[in-house]
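Me: I would like to learn how to read a protein model step by step. Could you take me through one?

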Amino acid sequence: MRILASLLTPCPGGPAVLTLLRRASSGTMQIKDPLNFWGGRRVQLSDVTGLEPVYEPATGRVLCQLQPSKAAQVDEAVKSACSAFTAWRKMAGMERARVMLEAARLIEKRTEDIAEVEVVNNGKSITEARLDVDSARLCIEYFAGLATNMSGQHVQLPGGSFAYTRREPLGVCVGIGAWNYPFQIAAWKSAPAIACGNSMVFKPSPVTPVSAVLLAEIYAQAGVPEGLFNVVQGAQETGTLLCHHPSVAKISFTGSVPTGKKIMEMASKGVKPVTLELGGKSPLIIFEDSDLENGVRGALMANFLSQGQVCSNGTRVFVHRPILPQFLTEVVRRTKAIQIGDPLLEETRMGALVSRPHLDKVLGYVEQAKKEGARVLCGGEPFTPADPKLRNGYYMSPCVLDNCTDDMTCVREEIFGPVMSVLTFDSEEEVLQRANDTTMGLAAGVFTKDIQRAHRVIENLQAGSCFINNYNITPVEVPFGGFKTSGIGRENGQVTVEFYSQLKTVVVEMGDVDSLF
């Protein structure tokens, strides 16, 4: 699959070339505008208590001070969303689609600016950030298309009577995002919501609060009613206020399993539907008959995208024993060659982890793995770039662990960093049992040239998003989500419409009422 296609721009009369325009550089961007947004504009809060510093991962410097929204501000944002919903729900699907397509066009026009902000606030490479922005654009375009054909069913009943169904919006939806894909997640949650006629109040992670407000401005510029997409900033307190707000009809959350359980509990108080995209400890199985080159590429993609901070990562890499030596040799060679450094440089392939506490946590997992008997084949150490301005950034070298067993902490728990745990297996039956031995079930992958084995193994893997001979590919046209504790509901794909709408049944009597009384 052409993962780099969106990075290339056609050159008149010649081949595509990589866009190299660079307006920002690490350590220089200033964030001074308010980050809360409702009523069609950024909102400066008068209450300056409880400010929280936001850091630039690449340099460790303070990027800005976050103003959290409290009860009064959350209520303002929800009221703004209620007002917009009244107008938006009455618009025809074609009218909604036209506005959404304009938003997608504006994102495409501003791709480089948005990607740079994403890099500065998140730490991932500019190469990956461009892909994330493009995924956001594609998602909005896709659901703009679905907005035009929201349809129900007609059922013929006896005597000429009939029934029909209407798919109607829910109302004000809440989106709560994670820090690993800030802009993309905001689009993945808002696009299906507004396509179905809802409005949204979105809360980004307080670690990466900057880019979601850019999406709010783009929607406003595209012509949505004021208040259709709002951004409130804050941490747990703000999220709790949103979940308990009586005017909120639905909650969509991306994040950890423990937090997802708390959100589900809060939503249950108001019997509100939830979409939960939670964590994973996913297996990647590489059989001896696979194309080893592609198997290695898949393992790298399954572990080191976004500094390993991806919920669907295949961090338990099961390698068929006969090919283990060749696999380890090649995967270690390529892991050592990954260029770490300034995420705004084109040649960088691994930027900084999102925060100092998270970096320390990931490094702690590596130390624990060594204590439990795993062997570090490469990486797993703090990394200090040569550039002086980056020396306080949150970098580490990508790590490959060998000699892992199923009971080790690094194999059981989600690390959420650039740490690959390699395990070996001897039979298909054995590896399936071990792969499924987890409470989570977000993703899974298999590499093999045997097409029957591929489908047989996938059928028996307990995971919601599966890959054959590839990994971590998420087209917006197909659903994404997990089994077991990895979540409820789906994001992307046509089925997502069902999670942002409700079905109304209407029975029409064409004759007289047949009464028992």
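Predicted model: local features only at pLDDT ≥ 70, side-chain atom pairs only at ≥ 80, totals over all residues.

Me: How many helices and strands does the chain have?

Reply: Helices (H or I, at least four residues) and strands (E, at least two) are DSSP runs, numbered from the N terminus. In this chain there are 14 helices and 24 strands.

Me: What radius of gyration does the chain have, and what would a compact globule have?

Reply: The radius of gyration is taken over C-alpha atoms, and the globule rule is 2.2 Å times the number of residues to the power 0.38. For 517 residues the rule gives a value near 24 Å, and the chain, at 24 Å, agrees with it. The C-alpha trace spans about 80 × 55 × 55 Å along its principal axes.

Me: What share of the residues is buried?

Reply: Buried means under 20% relative accessible area, exposed means over 50%, and partly exposed lies in between (1.4 Å probe, protein chains only). Of the 517 residues in the chain, 57% are buried.

Me: Which residues have the most contacts inside the largest nonpolar core?

Reply: A nonpolar core is a set of buried Ala, Val, Leu, Ile, Met, Phe, Trp, Tyr and Cys residues joined through side-chain atoms within 4.5 Å. The largest one here has 74 residues, and Ile140, Leu215 and Phe229 have the most contacts inside it. Helix α4 (residues 126-147) gives this core its largest share, 11 residues. Apart from it lies another core, of 63 residues, which includes Val332 and Met420.

Me: Is Thr165 buried or exposed, and which residues is Thr165 in contact with?

Reply: Thr165, in strand β8 (residues 162-169), is buried, because its relative accessible area is 17%. Contact means heavy atoms within 4.5 Å, and beyond its neighbours within four places in sequence, Thr165 is in contact with Gly152, Gln153, Leu503, Lys504 and Thr505. A polar atom of the Thr165 side chain lies 2.7 Å from the backbone nitrogen of Gln153.

Me: Where is Leu345 found?

Reply: Leu345 is in the loop between α10 (324-336) and α11 (356-371), and with a relative accessible area of 38% Leu345 is partly exposed.

Note on methods. Residues numbered from 1 in each chain as written. Heavy atoms only, no water. Polar contact = N/O pair within 3.5 Å; in protein donor to acceptor, adjacent residues only side chain to side chain.
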